[in-house]
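Welcome! Here is a short tour of a protein model, made for someone meeting it for the first time.

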Amino acid sequence: MEGLHIHGAAHAYGDNQVLSEISMVVPGGELVCLLGPSGCGKSTLLRLAAGLEILQEGTIVIDDVTVATKEVHVPPEQRRIGLMFQDYALFPHLNVLENVTFGLQENAADRRQWALSALSRMGLADYAASYPHILSGGQQQRVALLRALAPEPRVLLLDEPFSGLDVTRRVDIRAETLGLLKETDVATLMVTHDPEEAMF
């Protein structure tokens, strides 16, 4: 079955048991939110799914491929995942189009065309040659989202993606993001501490 499957995941930092017996499924084309206060283990679960932490117990499967067990650890770059952190982590020395297409294979002409089309759809076509420092927070968020989607990941992991935006822009950006995600077949797992955001 397509998507992200986590079975019996457990993780501890020293004596601090952060996760215990966590199981969940994020089907292809679905967006699932992890909602909870800071420090409850949401980001740790995201990092385990991404391969940024070594799984101590349980199993993680992406599209019928086991990517993590106690004995198996497929590195992040081989998991076909897209990652978007709350600080966006755009490269300051690359322009907007270069940021979106960073990491694509040189022969991925169709995905470069997708990037240009997606920038246009998100109202960023005029900024393709601009650098991140001149963009607003909302514009940077959209660039980071497009960069995560450009390589056609099977799973998209979002860590508090709207927390850096002001309240007035957050609603519009959320709607744009959800609209774009609905057009893809990607399984999306989003971490948030905002109940309103999770319900949206």
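Two residues are in contact, or touch, when they have heavy atoms within 4.5 Å of each other. Please keep in mind that this is a predicted model.

**A lysine to start with**

- Lys42 belongs to helix H1, which covers residues 42-50.
- Is Lys42 buried or exposed? Its relative accessibility is 9%, and because buried means under 20%, Lys42 counts as buried.
- Leaving out residues up to four places away in sequence, Lys42 touches Leu34, Leu35, Gly36, Pro37, Glu160, Val191, Thr192 and His193.
- Lys42 and Met190 are 148 residues apart along the chain, yet their C-alpha atoms are separated by 9.2 Å.

**The largest pocket**

- The largest pocket holds about 400 Å³ of space.
- Its lining is made of 21 residues, and those nearest the pocket centre are Ile81, Phe102, Gly103, Arg147 and Pro151.
- Strand S6 (81-84) and helix H4 (137-149) are the elements that give two or more residues to this lining.
- Which element gives the most to the lining of the largest pocket? That is S6, with 4 residues.
- By type, the lining of the largest pocket has 14 nonpolar, 4 polar and 3 charged residues.

**The second largest pocket**

- The second largest pocket has a volume of about 240 Å³.
- Around this second pocket you will find Leu52, Pro76, Glu77, Arg80, Ile81, Gly82, Leu83 and Phe85.
- The lining of the second largest pocket divides into 5 nonpolar, 1 polar and 2 charged residues.

**The nonpolar cores**

- The largest nonpolar core has 30 residues, and Leu145 and Leu156 have the most contacts inside it.
- At least two residues of this core come from each of helix H2 (96-101), helix H3 (109-121), H4, strand S7 (155-159) and helix H5 (167-183).
- H4 gives the most to this core, with 6 residues.
- What does Leu145 touch, not counting residues up to four places away in sequence? Its partners are Met84, Met122, Leu156, Leu158, Thr177 and Leu180.
- Another core, of 24 residues, lies apart from the largest one; Val26, Ala50, Val155 and Ala187 are among its members.

How values were computed. Residues numbered from 1 in each chain as written. Predicted model: local features only at pLDDT ≥ 70, side-chain atom pairs only at ≥ 80, totals over all residues. Heavy atoms only, no water. 1 Å grid on protein atoms, 1.4 Å probe; cavity = no way out; pocket = protein on both sides within 12 Å on 5 of 7 lines; lining within 4 Å. Points joined across faces, edges and corners; volume = space filled by probe spheres on them. Nonpolar A, V, L, I, M, F, W, Y, C, P; charged D, E, K, R; others polar. Core = buried A, V, L, I, M, F, W, Y, C linked by side-chain atoms within 4.5 Å. Buried < 20%, exposed > 50% of the residue type's maximum accessible area, 1.4 Å probe, protein only.
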